[in-house]
Amino acid sequence: MAHQHVTSSYMEHGLCLNWEPPLVFLHVGSDIVTAISYYSIPIAMFYFAYRRRDLPFFKIFIMFAVFILSCGTTHLFAAYTIYRPEYWIEGYVKAFTAIVSTITAVIFIPRLPEALAYPSINNSLTEIKRLNTELLEKNVELQMANHSIEKLLDPVYWISIEGKILRVNEAACATLGYSREELQGMSVPDFDPHFAVDRWPEHWENLKAIGSMRYETQHKSKDGTLQDVEVVASYINYEGREFNCATVRNVSERKQLERIKEHRLASLTSPLEDIGDVQFTDLFDMEDIQLIQDAFARATGVASIITDTEGRPITKPSNFCDLCMNIIRKTEKGFENCCRSDAILGKLNPDGPRMQPCMSGGLWDGGTGINVGNRHIANWLIGQVLDESSDMESMKAYAREIGADEEAYHQALQKVKRMSVEHFKDVCDALFLIAGQLSHMALQNIQQARHISERQKASQEREQLINQLQDKTSELERFIYTVSHDLKSPLITISGFLGFLKEDFKNHDEAEFNSTVSRISLASERMKQLLDELLELSRIGRKMNPAEKVNLNELVHEAIEVISGRIQEFGAVVEVHPDLPELMVDRHRILQVYENLIDNAVKFASGQEVPPHIMVGVRRNEEGEQVLFVTDNGIGIEPHYTGKVFELFEKLDPRSSGTGVGLAIVKRVIEVHGGKIWAESDGVGHGTTINFTLPLVNS
Amino acid sequence: MTTGDPLKILLVEDNPDHAELVIKGLRTNNVANRLVHIEDGESALDYVFQRGNFSDPVTSPRPDLILLDLRLPRVDGLEVLRVLKTNEDTKRIPVVVLTTSDAEMDVAKAYDYHANSYMVKPVSFEHFMELMKTLGCYWVVFNKRAE
């Protein structure tokens with residue numbers, strides 16, 4: 001068909017095709033179909049973009065859609081211009097398409113590398129699958145770990161920085177008696193009485209610093225019971241989140257065992273007389289005993305239990321029959337009768353086991369005592385067997401007596417072990433032998449333990465004695481050394497001057513002769529004095545006169561009488577306090593003491609401008625003790641010598657007469673009386689005071 | 001100081017009889033000497049160091065020889081020895097220990113403190129005289145002293 005339009009100078013494209021219907025159809029058809037596709041595709045794309053706003057390269061995608069859209073429009077116009085020559089419009093559409101396509105290319109092509117780098121879906125999928133499997137595995141591990149912790153015997157707690165419980169395992173709930181929900185709201189101080197609420201922050205800091213801590217404390221369960229526990233707490237920081245993970249172990253049993261061991265050791269090593277409260281449980285390992293008891297009961301078929309001397313059970317019952325355990329003993333009356341029966345059975349019988357029908361159910365019972373030394377400490381009881389020849393009727397009647405269910409009683413009675421009395425006697429005899437052996441072994445244990453501790457004590461004492469002996473030996477050595485020296489000295493004088501004596505005689509030097517003779521004589525005198533005093537010193541302590549009541553006032557005046565010659569010679573004045581006490585002492589020795597002290601005082605106070613003034617008296621010291629003293633106004637003693645004056649042969653002034661033994665004798669006498677003696681002086685030229693105490697027995 | 005000049009001896013001895021024996025012994029054996037007798041350890045030190053009561057060097061000249069007993073009051077002989085032998089000024093003065101003790105311990109200690117000689121007082125007149133003569137001979141005649 002030929003359509004001629006005069007509106008424009010252009011010609012429709014159909015003319016180029018000679019309006020050949022197949023050709024026109026081909027072109028127009030193709031363009032229209034293409035346009036439809038080129039429209040539907042962008043519409044789909046817009047819809048897709050609308051639905052998936054998170055599309056990567058969103059803008060490019062939209063541009064593509066627009067580009068395709070305008071391409072489609074181009075095709076549409078290509079078909080249109082077959083019929084209508086609207087070439088300007090078509091041209092504009094084409095131009096638009098050109099622009100859009102260029103823009104698309106410009107923004108797409110540079111981003112090609114980025115697009116290429118995008119993970120392919122396949123890779124992502126495999127990655128995801130891989131991660132999934134990993135996750136699954138990790139999950140399995142996690143489940144295993146969780147399960148292990150949950151089923152742990154020891155409680156485990158996860159605690160936050162504030163001290164709140166985050167997570168616990170089953171054991172924690174079981175131990176403390178709270179439910180999981182309850183626990184997960186609580187804080188540590190709620191069940192650990194040793195953790196005051198304000199202590200927690202400090203504890204957290206400590207834990208953080210150290211990393212892990214182990215300590216003992218106590219935990220209080222819901223019902224209020226306290227248990228001894230050991231806690232191991234660790235600080236954990238995972239990706240910035242901080243936790244305290246703690247495991248707890250109950251150590252009550254361990255502590256109990258420790259206490260038992262201590263008690264057992266104490267009782268084993270203390271003398272039998274003061275065993276006091278030593279128990280069967282101290283002397284034997286209860287687990288071992290239970291095993292023996294159970295085995296014996298099993299082998300022989302009897303029931304068995306070990307009780308204390310009052311009949312109270314120490315071990316768990318072995319092989320108790322239903323009748324006794326669940327019926328008779330469950331009734332008040334029955335139980336009472338059983339205990340009474342048991343107590344009698346165990347009474348100490350050295351010749352053999354006791355055997356009798358139980359006062360309660362009438363079954364045969366036997367028993368023997370366990371004793372250590374002569375102390376009866378436990379009873380081992382067996383029995384609950386039925387001899388066929390017993391009176392069944394009265395036994396059945398017992399059910400009524402104690403108020404038990406008769407039917408149940410009869411049934412249980414049927415189940416009781418049958419055993420002839422003769423057989424039972426054999427079993428009792430065997431028991432007697434075994435118990436005897438146990439007793440014997442326990443005694444041996446004690447004896448051995450005591451022997452060991454005695455030996456230790458003896459060895460300690462021996463060491464002490466050896467030390468004392470060594471001290472005494474060195475003292476003796478020193479003594480001998482000093483004595484030999486002090487005896488040698490006068491000998492040197494004597495022999496030396498004897499030699500000179502010959503010279504003096506030859507030289508007819510009478511003055512020298514006499515002087516030498518007197519030196520010799522004095523030296524020999526000194527030797528004699530020394531020997532006498534040493535002898536005296538050795539006697540003190542060996543031969544003591546009996547103590548008698550002595551009036552010290554009288555005694556002192558007597559002493560003054562004895563040395564009155566010296567006192568007068570030096571013009572000394574001796575003053576005596578009137579209130580000297582009366583004491584129980586060795587009269588002779590204390591007289592010597594005063595003679596010595598006053599004599600010394602006079603000697604050392606002489607040779608000064610002032611005449612010697614001596615005071616004998618008594619005073620009270622800070623502790624209220626009576627202190628006797630002798631004071632002089634003599635040459636005094638340098639402070640660091642005040643201890644040395646009493647030592648043997650320590651003469652502060654060598655020219656003085658006297659052997660150096662006097663004060664040593666005085667000291668020994670005082671010490672033998674149980675007193676103390678010491679010297680006081682303000683220094684050279686300030687006089688001396690000798691103080692001493694004597695054990696006071698005032699009459 | 002030449003040999004033959006009287007020896008200035010310091011005798012430190014607490015027993016007056018023993019001191020007398022030494023003095024007489026030296027005299028009898030013609031050992032010329034100027035002897036000073038001091039009776040306790042502290043005074044002996046004062047004398048040698050010329051202090052206290054002995055600060056006048058004319059009356060308390062430095063001794064050429066010291067005879068030292070070990071058992072002394074106030075300051076013990078061994079202590080005197082130690083002090084003398086550790087002091088720069090006095091350590092060259094010969095010190096002869098003259099004592100009754102022959103105990104191993106005392107001998108050892110004396111030599112530890114650098115005594116020049118150790119002599120035990122004999123319990124026999126003859127031996128004592130012998131000792132004095134030898135002492136005089138040795139220390140006056142033969143021994144060379146430090147200046």
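At what angle do helix α1 (residues 21–51) and helix α2 (residues 58–83) of chain A pack, and how far apart are their axes? In this predicted model, the two helices of chain A meet at an angle of about 160°, and their axes are 8 Å apart. Because angles over 145 degrees count as roughly antiparallel, α1(A) is described as roughly antiparallel to α2(A). The crossing of α1(A) and α2(A) is left-handed, and the residues that form the contact between them comprise 23 nonpolar, 4 polar and 1 charged.

When the contacts in chain A with a separation of 6 or more are considered, 59% of them are accounted for by residues 24 or more positions apart.

Chain B contains an open sheet of 5 strands, arranged in the order β2-β1-β3-β4-β5 and paired in the parallel sense. From one strand to the next, the twist averages 20°. Within the sheet, strand β3 (residues 65–68) of chain B pairs with strand β4 (residues 95–99) of chain B over 3 bridges, in the parallel sense, and Leu68(B) stands opposite Val97(B) in β4(B). Helix α3 (residues 77–86) of chain B packs on the sheet, where it touches β1 (7–12), β3 and β4 of chain B, and the direction of this helix makes about 155° with that of β3(B).

The two chains also touch one another, with 18 residues of chain B in contact with 17 residues of chain A. On the side of chain B that touches chain A, α1 (16–28) and α5 (125–142) of chain B each supply at least two residues, and the largest share, 5 residues, comes from α1(B). By class, this side of chain B has 8 nonpolar, 5 polar and 5 charged residues, whereas the contact of α1(A) with α2(A) within chain A divides into 23 nonpolar, 4 polar and 1 charged.

Key:
Residues numbered from 1 in each chain as written. Chains lettered and ligands numbered in written order. Predicted model: local features only at pLDDT ≥ 70, side-chain atom pairs only at ≥ 80, totals over all residues. Pairing = 2+ DSSP bridges. Helix = DSSP H or I, 4+ residues; strand = E, 2+ residues; numbered from the N terminus. Axes fitted to C-alpha atoms, helices over the stretch in contact; angles between N-to-C directions. Contact = placed C-beta atoms within 7 Å. Parallel < 35°, antiparallel > 145°, perpendicular 65-115°, else oblique. Left-handed = near helix turned anticlockwise from the far one by under 90°. Nonpolar A, V, L, I, M, F, W, Y, C, P; charged D, E, K, R; others polar.
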